[in-house]
Structures are given as structure tokens and as C-alpha cells.
Amino acid sequence: MASDNSGYDFIIVGAGTAGCVLAARLSEDASARVLLLEAGSRQPLPHAATPWLWTTLLGSSMDWADKTTVQEANGFVLPWPRGRGLGGSSAINAMAFTRGHRSSYDEWVPAGAEGWGFDDLLPFFKRSEQVEGRDPAVRGVDGPLRPGPAAGAHPISHAGLAAALEAGYPRARDISGGLDEGFGFCDMSIVDGRRQSAADAYLNPVLGRRNLDVVTDAVVYQLIVTGNRCTGVRYRTGTETRTAECETEVLLAAGAVGSPVLLMASGIGPQAHLREVGIEVITDLPGVGTNLHDHPTSCVVYHATQPVPAGNNSPGEVQGLLHAGVDGRPGPDVQIMFVTVPLHSPRLAGPEFGHGYTILVSLMAPSSRGSVRLSSAAPGAAPVIDPRFYTDSRDIDTVIAGLRIAREIGGAPALAPWRGVEALPGVDTRHDEQLRQYVRESLGAYHHYAGTCRIGTDETAVVDTELRVRGIDGLRVADASVMPSPISANTNATVYAIAERAADLINS
């Protein structure tokens, strides 16, 4: 086993969104030696920067291409893509850059995440971005990211926004800012017609720093723990096994799947599960890998009365954030998105590309929770991912309410030039029990995985309010896995803010 005992101050595991931010911010101190380890390639695929080709990245070498277990809701296995390579999921996602409504972050605080409410995160949201023409009290003006509404929006996006307003829903001043409900063009991580990933914005500009080492094609498979302190990692590059040690901290930024998997593979996690798969227990942390949540989706799909032109951007340019009114929880609980392609489960029949469009309904405040577990003690074994979608029946009720809203908007006059026959759920699917069955059959993952190493103070919390792993010194987690509960938005913008705050905590 080769050793890289070079006296690093920080080792960062994962060069996705959070890892790129951490590497850039921590290496600003020229006296701090930083090692960034990434399992994927240094070079993205040639078409990764082209917004409208993002779906071709799913299942490619830039995707871990995991799958769920069979879901109780419908008996189906769902694809579970997540980014692999510099930029991680920010390099393969659909490029929406939106904050959740402030109410979803403020729910974190009474759950034990003191100091992580919306107002606490706001300076770090702002630090990440450079946004033009918005309120500078809420939006950043000099950060590395340059999000904004995509240029050359699709005509169905314009028609969908007009239809939502005709149906009586408000127009949001800034749907990506975290303060508004209603509909609007969301910000996207597209600059001059090209994707802007975390690697583009944060990492690539600082690769010349002499105190920053970036090693790609490096699969970290174990944390080195001496006593109760994490002192380094073991990783593989090709057929060679190496170690790297650090003097200050190891930072996990491998995401809601990768971070809990590495903790458990290193003996940090639920002791019964670790013993079951044959791993020696170092620290019993029952919350590792629990609390998995995502935003499940359903959809209303229409045949189009005229050919639908290809778009220049990702096909979801307009979003609405609403409260469906099923329960009394604060804040919006559904997202409605106009998608300029017929997006639906491959198990359901619908129009071909270019001949239909979708109004996507996503549950923003799901009550169902799942888990990530190890399939074996073998390094690199595929994880067992069970999101347990719709195991809480309240979730289906809210999605049904969202479908009714989508249909109401879909029938508004502004969409008449495009609207043909409703393909899904279909005009005869009206009653609650019919819709309940359709919600199960049309279930899709939104790929907003979070929660598996949550912040908190109780015995099932994995990290404290400074993101330090409970019971292990010199180890933090800083990625989507620390989110205690779902946010009411696509998660990427929030991961940037979490990582910015993590860097601030480490440097303070």
C-alpha cells in the first residue's frame, strides 16, 4: 500500500458541488495544504456543457447510475443518478438554481439545527452567486456563480406562465430567491449558453494553487480512525491502494449516498447493520443512512396540436411554488413546472418527443423517509437505496391536490394553441382512487437526495450544528446529507450555501 504522508491540513472526499466549494475556499489560505479526492474523471464528456443534452449524461461515465430497491408504492425499481467527476451532480443535473422557501429552512431550527434557518444561511447563499437585477439584500452580487433566467426561453414556457396567471396564481417577483410563492422563470446555471458547474465556477479557476492537490479516478473506500480521531483516508487509483493523512480535518462531501456509505464502511453507523454485513463497529451512530428524502414527482402530459420545437435550455424553465392546502403545515408544499417535452415513466404510454409537453408536479414537503445501507463489506459494493416513496399516505394526497392544480392551469386559455388531448393521467381518470393509483404508477424521483447524515442534537443526529460527526474528532460532513428535512426547491443552490457555511465554520 502506497502512502501519501505529505502533511495535508484538509482532505476533502468528493469533488461535487460541496467539494469544489470547500477546495476553493480552504485553499485561499496559502499556508493550508488541501487534498481533494474524486472518484470520477478530471475531464467531463464533450457534450456536458450543452444544456439541452443533459439527459444524455444520465447513465454515462459521469453518473454513478445507481438504482433503488423495489418500491412498496408500485413494485418498481427506479433509476438513481448522481454525478461522478469534477462538479459532481452540478455537472449532470437539469441546471435549475433555486432556493427553497424560507419556511422549509426555518423548520430545521426547532428540529435541532440551531443556526441553520433561512436568515442564517442567507449570507452564504449570497456569497455563492452573482445575480443581476434582483434585490441585493437577498441576492448575491459578486459570487463565483452567475445564475439567471435562461435566454431564449421556449414558447411553451411563456404560455405556461401566462396560463398560471390566468388561473389566478400570483407571479413571483423572484421564484429563486426563497421569499416568494407563485410562478416565474427560475434561475438556471447557464452562462452564455453553456452549463456552469461547481467545477467551472469554483474549482477550475484555482487549480494552479500550489497548496491544492486534486486527484481524480480516486475511489475513497475507508476512513482512517485512530482512537476517536479521523486522521486520513484509504483510496484506490486503478489497481493501486494508497493512504493519505491529514493533521486537521477530513471533510466528507460525497453526497447523500456517498457520505453515509463511507461512514458505514469505516465502522461509523448503526451497529446492528454494521455487524450484519461484517464490519467492525468503531462508533454506534444509528442515524447514519437514515432520514433519506427526495421530492417524488407525477405529471399531467398533453398531446400537442402542433410540433413542439426543441429548446435551447433544460426543458423546465418556469416553476411555480404553491401550497396545495391538504394539511396545515407552513409554507408551500408542491412545485409545478412546465416541461417542454413529454416527460413520464417509460411504463406509461404518452406522446413522442416533439409532439407533447408536461406539467410536472413535485411534492416539496414529503413525510416519507427512506434509507441508504451497505449491501456488503466489500469495498465498492453497490449501496442499498430505499427512498420508501409514498409510504406515508399524506404524500399521495398532496400530489393528487397538485395534479388538480396542474390540470386547472393546463386548461387555461394561454395554452390553447398547444393543448391537445390529455394523454396522462387521461381524461377519464378523475376520481380520487383513480388518481391515487395513477400517482403510484407515475412515480418518479426528482434526484434531490438529502438527509442521511442530518444535523441535530438528539441521538439519531449524525453531525452537530458545526457539521462535526458525533463521537469522532477531525471529521465533518458538508453536503446535502446534512439537511434535516426537505427544502421546497431543487437542492443544488442550497448545497452551495451549506458548503460556503462549512468553509466559514472551519476557518473561524
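Which strands and which helix do the buried residues of H4 pack against? In this predicted model, they pack against strands E6 (182-185), E17 (316-322), E18 (334-339) and E19 (356-363), together with helix H8 (393-410). Here is a friendly tour of that helix, a helix pair and some aromatic rings.

**Helix H4**
- H4 covers residues 155-166, and its 12 residues reach 16 Å from first C-alpha to last, close to the 16 Å expected.
- Its buried residues are Ile156, Ser157, Ala159, Gly160, Leu161, Ala163 and Ala164.
- After H4 comes glycine 168, with a positive phi near 100°.

**Helices H1 and H10**
- The axes of H1 (residues 17-26) and H10 (residues 492-507) come within 9 Å and cross at roughly 35°, and the crossing is right-handed.
- On the H1 side, the contact includes Val21, Leu22 and Arg25, while H10 brings residues including Tyr496, Ala499 and Glu500.
- By type, the contact residues are 10 nonpolar, three polar and two charged.

**Aromatic rings**
- The whole structure holds 10 aromatic pairs.
- One of them joins tyrosine 105 and phenylalanine 118 in a tilted arrangement, 5.9 Å centre to centre with 45° between the planes.
- Tyrosine 105 sits in helix H2 and phenylalanine 118 in helix H3, 13 residues apart; their relative accessible areas are 0% and 1%.
- Tyr105 and Phe118 also belong to one aromatic cluster with Trp108 and Phe125.
- Tyrosine 202 and tyrosine 496 count as stacked because their planes lie at 20°, with centres 5.8 Å apart.
- Since tyrosine 202 is in helix H5 and tyrosine 496 in H10, the pair ties together parts 294 residues apart in sequence.
- Both partners are buried, tyrosine 202 at 3% and tyrosine 496 at 0% relative accessibility.

Terms used
Residues are numbered from 1 along each chain as its sequence is written. This is a predicted model: local features need pLDDT of at least 70, side-chain atom pairs count only at pLDDT 80 or more; totals for chains, interfaces and linings use all residues. Side-chain values use heavy atoms; hydrogens and water are left out. Helices (H or I, at least four residues) and strands (E, at least two) are DSSP runs, numbered from the N terminus. The expected span of a helix is 1.5 Å times one less than its number of residues. Buried means under 20% relative accessible area, exposed over 50%, partly exposed in between (1.4 Å probe, protein chains only). Contact means heavy atoms within 4.5 Å. Axes are lines fitted to C-alpha atoms, for helices over the stretch in contact, and angles run from 0 to 180 degrees between N-to-C directions. A crossing is left-handed if the near helix is turned anticlockwise from the far one by less than a right angle, and right-handed if clockwise. Ala, Val, Leu, Ile, Met, Phe, Trp, Tyr, Cys and Pro count as nonpolar, Asp, Glu, Lys and Arg as charged, and the others, Gly among them, as polar. Rings of Phe, Tyr and Trp (its six-membered ring) pair if their centres lie within 6.5 Å; planes under 30 degrees apart count as stacked, over 60 as edge-to-face and the rest as tilted.
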